[in-house]
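Hello,

Here is the structure for your files. My notes on it follow below.

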Amino acid sequence: MSFKEGDFVLLVAGDRRYVKRLSKDFSLNLKDRLLKLEDVVGRNPGEVVKGFCLLHPTLEDVILLGFDRKTQIVYPKDSFYIAFKLDLSREKRLLEFGVGSGASTAVFSRLAGEVWAYEVREEFYRLARKNWEKFDLCKNVRLENVDFSVVDLEYGYFDAVFVDVKDPLPYLDKVWKVMKPGGAFSCLLPTTNQVSSLLRDMESLFCHVEVVELLKRPYKVNPDRLRPQDLMTAHTGYLVFARKRI
Ligand code: SAM
């Protein structure tokens, strides 16, 4: 349970947070407080050393502070809700395409039995793999570096599908075919006109359609002056959910 060399640690100092690996050359300098490997190794989660609270990072910490991001990612506030709406569990097989930096896949992989994932660009395929390997994630993900439109998949094979590509419309018929009847579909889109186009195309293929936007409004945690933070990430994406009808 105590920290050892090679572990990842979440360091919390006031409103600063860092996810770091405890390697031989680990050091963190904040306001003249220098934290070194020997200060952390052997300590327990929850201990405070030189003003840093030492914790094991959660998946949210890993994604937001540890992943190398070269694409827009699905923020955990959205991906955890998507996983819930897709009703992921160990019995379910998920299809995902548009893997990008691998952030949403890391969340889905934790809940689903299997994830079949496709990323067309080699640099992002490699990036997602690198992020997952670094944090020992996504063992149940079959990731391929290929365009989803050319993969050969069985009719009715997937319990759930998540799509995060610039234009999902050209893939809708194929997505419908590879889903189990009644299966759950979700897609993230940044603009409302894209959502309108998708809704029109979905009409004859899906039922129980929902469009949702989730706003996360963090607060300054001062008990005497409790109020929202001045700045927030005001828009991430519109989430579309639906079920396959036959
Ligand atoms: N969901 C990812 C995450 O949370 O890290 C981010 C995905 S990123 C916004 C969109 C990705 O879709 C890009 O990496 C792009 O290369 C990929 N993409 C676009 N069209 C694709 C296709 N037809 N098949 C597979 N990947 C595709």
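The protein is divided into domain 1 (8-57) and domain 2 (64-244), with bounds from an automatic or database domain assignment. Taken over C-alpha atoms, their centres are 32 Å apart.

This is a predicted model, where local features need pLDDT of at least 70, side-chain atom pairs count only at pLDDT 80 or more, and totals for chains, interfaces and linings use all residues. Residues are numbered from 1 along each chain as its sequence is written, and side-chain values use heavy atoms, without hydrogens and water.

Around the ligand there are 22 residues, of which Ser104, Glu119, Asp147, Asp164 and Tyr171 come nearest; a residue counts if one of its heavy atoms lies within 4 Å.

- Tyr171: a polar side-chain atom, 2.9 Å from a ligand nitrogen.
- Ala103: a backbone N or O atom, 3.1 Å from a ligand oxygen.
- Val99: a polar backbone atom, 3.4 Å from a ligand oxygen.

On its own the ligand has 610 Å² of accessible area, and the protein covers 88% of that (Shrake-Rupley method, 1.4 Å probe).

Regards

How values were computed:
A polar contact is a pair of N or O atoms within 3.5 Å; within protein, one must be able to donate a hydrogen and the other to accept it, and residues adjacent in sequence count only if both atoms are side-chain atoms.
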